[in-house]
Amino acid sequence: MNCSVSKVACLLLLGSQLANATELDKQLVLDAKHFITAYLNDTNTRNIDLLKLYSDGATIKVTVITLDRATKETTLSGQTWKRLLREYLYSGQPAVEPVELHNVTIQDNKTSLEVSALRYLQTRCYWDNNYKVTFAKNDTGEYQIINETLYIDHKNQCRAPDSLTINQNIKINQIQQP
């Protein structure tokens, strides 16, 4: 696993749960850490195993801001979402981009765990301030995503450097042969 992915996931989840440590069962916190770490790893490496983390019956709510700044909202089933992700992953298109999660909170809903976070997308440099993902155990006891709320902005918001000129003073010392 990518060291930075593990570090980010553990720091985010551990730090956010310290305040809630008395409220949540220790095993639930560990399960959430494990699941979010797998999610971040599969997302950030564009691993096809990401699809296994989604239930076919999941509800994926997506708000998309297009390049012409129009807002489109849609709700997809887990099965449809997985099909779209699979098509993009196999075609090499950038459907999944590296993310960071900040200010992670976990809520135990008795039958599921809901994670809320600030989601930062590294390729296009924007924040999803209302990111939510809910996962629950399936019939085989594995956690899968049953709800996810995503914000996708197609406009690249990364700032270009103020100047493309690199100021370097390079001094070459020549060694003279005797």
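The legends below describe close-up views of a predicted model.

**View 1**

**View 2**
Strand S1 (residues 54-65) and strand S2 (residues 71-77) run antiparallel and are joined by seven bridges. Two residues of this pairing can be picked out with their partners in S2: Thr63 has Glu73 as its bridge partner, and Val62 has Thr74. The two strands form a hairpin, with five residues between them. Within the turn, Arg69 has a positive phi of about 70 degrees.

**View 1. The stacked pair Phe35 and Phe135.**
The structure holds five aromatic pairs. One of them is formed by Phe35 and Phe135, which are stacked at 4.2 Å centre to centre with 20 degrees between the planes. This pair links distant parts of the chain, since Phe35 is in helix H2 (residues 26-44) and Phe135 is in strand S5 (residues 126-137), 100 residues apart. Phe35 counts as buried because its relative accessibility is 5%, under the 20% limit. Phe135 is likewise buried, with a relative accessible area of 0%.

**View 2. The edge-to-face pair Phe35 and Tyr143.**
Phe35 also pairs with Tyr143. The arrangement is edge-to-face, at 6.4 Å centre to centre and with 65 degrees between the planes. Here too the pair links distant parts of the chain: Phe35 lies in helix H2 and Tyr143 in strand S6, 108 residues apart. Both residues of the pair, Phe35 and Tyr143, are buried. Together with Phe135, they form one aromatic cluster.

Arg119 is located in strand S4 (residues 113-121). Arg119 is classed as buried because its relative accessible area is 7%, under the 20% limit.

Across the chain, pLDDT averages 81, and 75% of the residues score at least 70. Over residues 5-12 the pLDDT stays under 50. For residues 5-12 the model has 13 contacts beyond four places in sequence. Residues 16-22 also have a pLDDT below 50. Beyond near neighbours in sequence, residues 16-22 have seven contacts in the model.

Conventions: Residues are numbered from 1 along each chain as its sequence is written. This is a predicted model: local features need pLDDT of at least 70, side-chain atom pairs count only at pLDDT 80 or more; totals for chains, interfaces and linings use all residues. Side-chain values use heavy atoms; hydrogens and water are left out. Two strands pair if DSSP finds at least two bridges between them. Helices (H or I, at least four residues) and strands (E, at least two) are DSSP runs, numbered from the N terminus. Rings of Phe, Tyr and Trp (its six-membered ring) pair if their centres lie within 6.5 Å; planes under 30 degrees apart count as stacked, over 60 as edge-to-face and the rest as tilted. Buried means under 20% relative accessible area, exposed over 50%, partly exposed in between (1.4 Å probe, protein chains only). pLDDT is the predictor's confidence in each residue, from 0 to 100. Contact means heavy atoms within 4.5 Å.
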